[in-house]
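Hi,

Here is the structure I promised to pass on. Have a look at it first, and then read my notes below.

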Amino acid sequence: MEIKNKLTLPKDGIEGLKENFSTDAISGFIVFLLALPLSLGIAKASEFPPIMGLITAIIGGIVVSLLSGSRLTIKGPAAGLIVIVAGAVAEFGGGETGWHLALGAMVVAGIVQILFGVFKLGKLADFFPLSAIHGMLAAIGLIIIAKQIPVLLDVNPAMTKGKGPFGLLASIPEFLLHLDPKATLIGVVSLAIMLGWAFIKNPLIKKIPAPLVVLMIAIPAELLMDFQTTEPAYALVHIGNLLDNVKVNVDFSGFAQTGVFVKYVIMFALVGTLESLLTVKAIDMLDPYRRKSDANKDLIAVGIGNTLAAILGGLPMISEVARSSSNVGNGAKTRWANFFHGFFILVFLLLASHLIELIPNTALAAMLITVGIKLAHPREFIQTFKIGKEQLAIFLVTIFFTLYEDLLVGIAAGIVLQILINIVDWDLLKTLFQTPTQVSFTDDEYLVEIDKSAVFSNYMGIKSKLEAIPPGFNVTIDLKNTRMIDHSVMENLHHFEHDYAATGGKVTIIGHENHVPVSDHKLAARKG
């Protein structure tokens with residue numbers, strides 16, 4: 001099977017374009033239908049001009065696809081960065097000034113991402129506890145929901161000014177008293193479609209992207225209700241002309257606010273990089289050809305795309321998971337599907353931009369609330385609890401501090417709590433960031449022996465030893481000498497087992513049978 005896969009791998013480059021033109025173009029078109037409204041909504045929610053979401057998607061498709069190290073991921077603006085972008089705009093003064101100054105921090109963050117790739121820091125995601133990462137994403141989901149509820153109800157934006165996530169949630173009764181009935185009706189119907197589409201059984205209907213169905217209903221409803229003359233200006237999307245907007249929009253004078261500038265450079269670079277790396281890893285597991293992406297090359301490509309997008313005024317981009325999953329599901333074979341998705345957005349923007357301005361903002365809010373619900377779905381809480389109570393604690397602490405303060409404080413709180421949990425006794429302090437890992441080769445088999453502790457903070461050292469093992473062998477990972485194995489390492493070893501099997505090899509994990517798991521879950525932390 002592996003030999004067959006290797007022989008039938010889709011070609012890359014121009015040959016790949018010729019070989020897979022129809023499948024990649026069709027998938028790119030379907031992803032374009034999904035990306036167009038989401039990119040507009042993400043930009044608007046980020047306090048950027050809506051057209052800038054489309055400019056980012058165009059750059060992510062047409063430019064970054066040619067440079068990327070992953071074949072099936074779609075590059076574009078992501079809901080997961082809304083919180084950071086909107087926060088940057090607000091802290092740099094808000095409005096158009098805040099937008100221009102936030103772009104300066106984004107340019108520098110893009111250069112930092114390029115350096116991450118150049119210095120081969122694509123393994124950066126392995127340093128963070130998985131429950132803290134999931135907690136960060138869930139917190140982002142909750143913030144998106146809180147910010148989009150008043151948009152769904154079409155209340156005056158002045159009512160939300162200066163309110164954080166907790167304040168917005170507490171104000172929901174007030175928003176309900178001031179909702180706009182016509183616009184809210186479109187928003188609620190749109191939300192019902194977005195949430196209910198997953199339950200459609202007909203495979204033919206299911207292939208139609210839910211956001212496209214929303215637009216097919218929301219735009220005619222808006223025209224029927226004559227929003228252009230009966231509703232306030234904030235009820236509809238306004239984008240303007242592409243050629244008027246494509247220029248150098250970045251302003252670096254925000255560097256004078258050194259603390260704020262550095263803070264957002266770190267957040268853009270760190271969170272954007274984490275989300276991209278996690279998506280690349282997830283999509284590799286969906287790739288029917290089992291191709292392994294070059295994470296460092298992909299980071300360089302995303303960094304170049306982010307630098308260019310920020311100079312022109314666009315949002316930061318990542319490898320976006322929902323659009324990438326749709327790309328795989330629709331039969332994409334190569335990077336050209338991402339190219340086509342950007343190309344179709346460009347053509348639509350040049351030829352039919354007037355149609356975009358017919359979209360009610362409540363419909364876009366419904367799409368973003370759906371994204372927020374997926375990120376903060378109750379199953380995330382349940383799954384984390386099943387893995388272990390200590391993982392749920394890390395998950396909840398990360399969420400709380402992210403909502404209360406910001407993403408950097410939230411992820412830092414999760415890391416600190418995981419470290420405290422991992423310190424069973426003072427002896428383990430010595431191996432928090434480095435653990436003895438021996439690799440030996442006997443009788444055509446590799447034996448990897450890990451001592452002391454195997455925890456998130458020292459896993460990068462373990463991983464470097466594992467990645468040095470040539471493909472196609474039998475590998476035994478012996479954990480009998482460890483006194484602590486945390487959840488992040490258990491899951492990462494499981495991923496290594498899966499990836500190594502794709503090379504024709506076999507991985508057996510032993511020695512943890514006598515450890516005491518903190519729960520019945522197979523990926524639970526264990527103590528020796």
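Start with the open sheet of four strands, which come in the order β3-β4-β6-β8 with mixed pairing. One thing to keep in mind as you look: this is a predicted model. At the edges of that sheet you will find β3 (437-442) and β8 (506-510), each of which pairs on one side only. From one strand to the next, the twist averages 20°.

How many of the five residues of β6 are buried? Four of them are, so β6 is largely enclosed by the rest of the structure. Buried here stands for under 20% relative accessible area.

Now for the helices that go with this sheet. Helix α24 (residues 459-467) lies across β3, β4 (445-450) and β6, and it runs at about 15° to β3. Helix α25 (residues 487-501) packs on the sheet too, where it touches β6 and β8. The direction of α25 makes about 155° with that of β8.

There is another open sheet of four strands to find, with the order β5-β7-β10-β9 and mixed pairing. Its edges are β5 (452-454) and β9 (516-517); each has a single partner strand, so one side of each is left without a neighbour in the sheet. To spot it, look for valine 516, which stands opposite lysine 527 in β10.

Away from the sheets, I also looked at a pair of helices. α21 covers residues 378-387 and α22 covers residues 389-404. They pack at an angle of about 140°, and their axes are 5 Å apart. What does that angle make them? Angles over 145 degrees would count as roughly antiparallel, and α21 and α22 are therefore oblique to each other. On the α21 side, the contact is made by Glu380, Phe381, Thr384, Phe385 and Ile387. On the α22 side, the residues involved are Lys389, Gln391, Leu392, Phe395, Leu396 and Ile399.

Finally, zoom out to the whole chain. You will count 25 helices and 10 strands in it. The C-alpha trace spans about 80 × 55 × 50 Å along its principal axes. For 528 residues, a compact globule would have a radius of gyration near 24 Å, and the chain agrees with that at 24 Å. Of those 528 residues, 55% count as buried. Among contacts with a separation of 6 or more, 80% come from residues 24 or more positions apart. The accessible surface comes to about 22,300 Å², with 67% of it belonging to carbon and sulfur atoms.

Over to you now. Enjoy the browsing!

Cheers

How values were computed: Residues are numbered from 1 along each chain as its sequence is written. This is a predicted model: local features need pLDDT of at least 70, side-chain atom pairs count only at pLDDT 80 or more; totals for chains, interfaces and linings use all residues. Side-chain values use heavy atoms; hydrogens and water are left out. Two strands pair if DSSP finds at least two bridges between them. Helices (H or I, at least four residues) and strands (E, at least two) are DSSP runs, numbered from the N terminus. Axes are lines fitted to C-alpha atoms, for helices over the stretch in contact, and angles run from 0 to 180 degrees between N-to-C directions. Contact means heavy atoms within 4.5 Å. The radius of gyration is taken over C-alpha atoms; the globule rule is 2.2 Å times the number of residues to the power 0.38. Buried means under 20% relative accessible area, exposed over 50%, partly exposed in between (1.4 Å probe, protein chains only). Accessible areas come from the Shrake-Rupley method with a 1.4 Å probe; for residues, only the protein chains shown count as cover. Angles under 35 degrees count as roughly parallel, over 145 as roughly antiparallel, 65 to 115 as roughly perpendicular and the rest as oblique.
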